[in-house]
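Dear colleague,

Here is the structure I said I would pass on, followed by some notes on what I found in it. Please read them with the coordinates open.

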Amino acid sequence: MKRNKLVVVGVGHVGSYVLADAMKIGLFSEIAVIDVEQDIAFGEALDQAHATALTYMSNTAVRSGDYSECTDADVIICAAGPSMLKSEDDAMPDRAQLAAVNAEVIREVMAGITKYTKDAIIILITNPLDSMVYIAENEFSYPKGRVFGTGTMLDSARLRKIIADNYDIDPKSVTGYMMGEHGHTAFPVLSRLNVQGFGEKELDQVFQGKEPLSREGIKKQVVKAAFDVLNGKGWTNAGVAQAAVTLAKAVMLDERSVYPVCTTLHGQYGYDGDVALSMPCIVGKNGIEKQLEIELDPQELEWLHQSAEYIKEAMKVAKTGKHS
């Protein structure tokens, strides 16, 4: 009998949250935990196993192990590698600064995984996400569409929350998303933003917000939101962990949900195999079922090119391991 299996690689601040969220949804019969610190992996697995004894929600078997656990995995979520650190002066730290270190981490992780499988769907969280996805997708001959990153899913949730707060409405009533880099150069696709059919140019008239909708203002607010969390508690984990588990669920249930996730572009917007960034994609049992190249207005297209060029600079570090 088929047993749904998840493997979580890296159980620090983010990975431990992924593990907890995955346990609670009751979708997986087995969850295996891998970490370079084997004692931490063992402790996290044991802690979650104890937690199942307190609830009737799940009877998931959880254990620590090594990369051989990937052999029969359906989904692998990778949160390995160091995260951004809180800035001493509350400035916005740059995910791209992690490129050299985490590029080697991702190469080690992918080497470990591909020794045992090229069938599992791999969802990446590790920053700088876009560069890490590019390495994982393109250096290990993994089947197309079966490796992708959480991308701007969390950035998009922040966008909807900011819009909702401004107009005093429920975020679930807001349809909108971010594209590009998961980081400084992420941008809102405001030409497609709507609240139950009311578009960008109508929102201020219909909902009378606290302040007028500003494209540059919204873009800055969304990017800043991540660093408000980081500089507040020292790390971010809850939102991105939920994004990863949501994607895992979309894969396992073949939901064919549309999310802005990170993948290598293949001809979209003039980029062909040279950069990975976030765009709307259909996510189902095969991972990325289809990339959706939505038409952008001139300003959004300019933002996309700026974002792509920024990612390419970080990729130079990731590829060589050296800062320019």
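Strand S4 (residues 75-78) and strand S5 pair in the parallel sense over four bridges, where strands are DSSP runs of E of at least two residues, helices are runs of H or I of at least four, both numbered from the N terminus, and pairing requires at least two DSSP bridges between two strands. The model is a predicted one, in which local features need pLDDT of at least 70 and side-chain atom pairs count only at pLDDT 80 or more, while totals for chains, interfaces and linings use all residues. Residues are numbered from 1 along each chain as its sequence is written, and side-chain values use heavy atoms, with hydrogens and water left out.

Within S5, Ile123 is the bridge partner of Ile77, and Ile123 also stands opposite Phe148 in S6; S5 and S6 (residues 147-149) pair in the parallel sense over three bridges. In a regular strand the side chains alternate between the two faces of the sheet. Both faces of S5 (residues 121-124) are covered, with Ile121 and Ile123 buried on one side and Ile122 and Leu124 buried on the other, buried meaning under 20% relative accessible area (1.4 Å probe, protein chains only).

As for the chain as a whole, it holds nine helices and 14 strands, and 54% of its 324 residues count as buried. Along its principal axes, the C-alpha trace spans about 55 × 50 × 40 Å.

Best regards

Methods
Buried < 20%, exposed > 50% of the residue type's maximum accessible area, 1.4 Å probe, protein only.
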